[in-house]
Amino acid sequence: MIDPKPIVIEGYGLRLEPIAFAHEAGLREAACDGELWNLRVTSVPEPDKVVEYIETALAGLAAGHRIAWVVKEQASGRVLGSSSYHDILVAVDRVEIGYTWYRKSVQRSFVNTVCKILLMQHAFDTLGCKVVGWRTDIFNFASQRAIERLGAKRDGIVRHHALRRDATVRDTVMYSMLLEAWPKAKEQLLARLSKTPAITPTTANEVFAPIEFVDITEDNVNSILKLEAGANGLRMVATNGTSIAQATYNKNARQFGIQRAAQGDQPAVMVGYLLLWDPSLHEQTKQPVDQLYVWRLMIDFKHQGKGYGAQALRKVQAMASTMTGITKVALSHQMIEHNPKPFYESLGFVATGVIEDEEAQMIWKVPA
């Protein structure tokens, strides 16, 4: 049987956090973007009822039938909306995805598709669900189209089923997707994401392979030392052994293994290495104290082209956004053929024009 838990889920620029009272201000601000509570077919809370909205979601968690997430923009931490697993039926390995809403300014973007894919992937590939369901108001045609674009099948209509916020009674349209339909649906959704502006085929893969930063320990250091950047990568980055040795003697060094999270029956796998220069660790430094510097970033050649590097840099951006006194993330690249400048630019980094030791510097500014 499935065992759903309220965990953090991340992928291409989005972070889904289990709902908590700490999200009250962010949810209220998101709800005010478009005043969507005035639409009778949505679940957007009125600003003065956000606390009650959170209480209801947490009560559903305590009762075992709902897990609610707050959807955030990963780099800035801005709250975009919310979505949930609900009507969870552990005995038959079923969850439904619903109570979904987003601030108006991000509607009709890739946000909804990415969020749904993250939840579907977690349901099918991690939890082992046999079916995922959706339900929506018979008059919410936009929602029906969005669900159908995911590849879900329309099961039918439950008449006179639930109250709307205006006290009228709605008919509910029911949808579902079985486990055997998920691989094809996932492939089609990935193909669609690759055609979305600002999403490349490489970065679209991030949705299906979340990574995490892990401390380097006696147990995992050998797996990190065995990683190889490949022929082109070795032209631009030192070996991990060299980087780990340098980090040992630098008081501002922070280093991590980049690990692909476990996926269903596939165990977690080390895919890369990250070395940061963090001014907050040691005050005696000649370097700028307002920047988090990406000293080294490498992805093993067997795992390149799968979006892990992009995910890692977005995590660094998110980290910088929470650090006191940090206003930018900096990095540099060698000025050689096939250098990663276009890749960095796609993530918001801008060239400064400064060239030092034959390396061009780039920065990403932390949003104000």
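Phe-343, Tyr-344 and Phe-349 form one aromatic cluster. The model is a predicted one. Across the whole structure, a search finds seven aromatic pairs.

**Aromatic pairs**

A pair of aromatic rings is described by the distance of the centres and the angle of the planes. Take Phe-139 and Phe-141 first. Their ring centres are 6.5 Å apart and their planes meet at 75°, so this pair is edge-to-face. Phe-139 has 47% relative accessibility, so Phe-139 counts as partly exposed. Phe-141 is also at 47% and counts as partly exposed.

Phe-213 and Phe-256 make another pair. Here the centres lie 5.4 Å apart and the planes are at 25°, so the rings are stacked. Phe-213 belongs to strand 9 (residues 211-214) and Phe-256 to strand 10 (residues 253-260), so the pair ties together parts that are 43 residues apart in sequence. Is Phe-256 buried or exposed? At 9% relative accessibility, Phe-256 counts as buried.

**Salt bridges**

How many salt bridges are there? The count comes to 19. Three of them are set out here.

| Pair | Closest N and O atoms |
|---|---|
| Glu-73 and Arg-78 | 3.7 Å |
| Arg-164 and Asp-137 | 2.7 Å |
| Asp-300 and Lys-302 | 2.9 Å |

Start with Glu-73 and Arg-78, which form a salt bridge. Glu-73 is partly exposed, with a relative accessible area of 28%. Arg-78 is partly exposed as well, at 32% relative accessibility.

Next come Arg-164 and Asp-137, joined by a salt bridge. Arg-164 sits in the loop between strand 7 (153-163) and strand 8, while Asp-137 is in strand 6 (residues 131-137), so the pair ties together parts that are 27 residues apart in sequence. Arg-164 is buried, with a relative accessible area of 10%. Asp-137 counts as buried too, at 1% relative accessibility.

Asp-300 and Lys-302 also form a salt bridge. Lys-302 is exposed, with a relative accessible area of 52%. The cut-offs explain the labels: under 20% is buried, and over 50% is exposed.

Salt bridges also join up into a network. Its members are Glu-10, Arg-15, Glu-17, Lys-72 and Lys-315.

Thr-172 lies in strand 8 (residues 169-178). Thr-172 is buried, with a relative accessible area of 0%. Which side chain does the side chain of Thr-172 meet in a polar contact? The partner is the side chain of Arg-170, at 2.9 Å. With neighbours within four places in sequence left aside, Thr-172 is in contact with Arg-135, Thr-136, Gly-156, Ile-157, Val-158 and His-161.

Val-173 is found in strand 8 too. Val-173 is buried, and its relative accessible area is 0%. Asp-137, the salt-bridge partner of Arg-164, comes up again here. The C-alpha atoms of Val-173 and Asp-137 are separated by 6.2 Å, although the two residues are 36 residues apart along the chain. What else does Val-173 touch, once neighbours within four places in sequence are left aside? Its contacts are Trp-134, Arg-135, Thr-136, Ile-138, Gln-144, Arg-154, Gly-156 and Ile-157.

**Helix 10**

Helix 10 covers residues 308-321 and has 14 residues. At 1.5 Å a residue, this helix should span 20 Å. The expected value takes 1.5 Å times one less than the number of residues. How many residues of helix 10 are buried? The answer is 13 of its 14 residues, so the helix is mostly covered. An α-helix has 3.6 residues a turn, so residues three or four places apart point the same way.

Key: Residues are numbered from 1 along each chain as its sequence is written. This is a predicted model: local features need pLDDT of at least 70, side-chain atom pairs count only at pLDDT 80 or more; totals for chains, interfaces and linings use all residues. Side-chain values use heavy atoms; hydrogens and water are left out. Helices (H or I, at least four residues) and strands (E, at least two) are DSSP runs, numbered from the N terminus. Buried means under 20% relative accessible area, exposed over 50%, partly exposed in between (1.4 Å probe, protein chains only). A polar contact is a pair of N or O atoms within 3.5 Å; within protein, one must be able to donate a hydrogen and the other to accept it, and residues adjacent in sequence count only if both atoms are side-chain atoms. Contact means heavy atoms within 4.5 Å. Rings of Phe, Tyr and Trp (its six-membered ring) pair if their centres lie within 6.5 Å; planes under 30 degrees apart count as stacked, over 60 as edge-to-face and the rest as tilted. A salt bridge is a side-chain nitrogen of Lys or Arg within 4 Å of a carboxyl oxygen of Asp or Glu.
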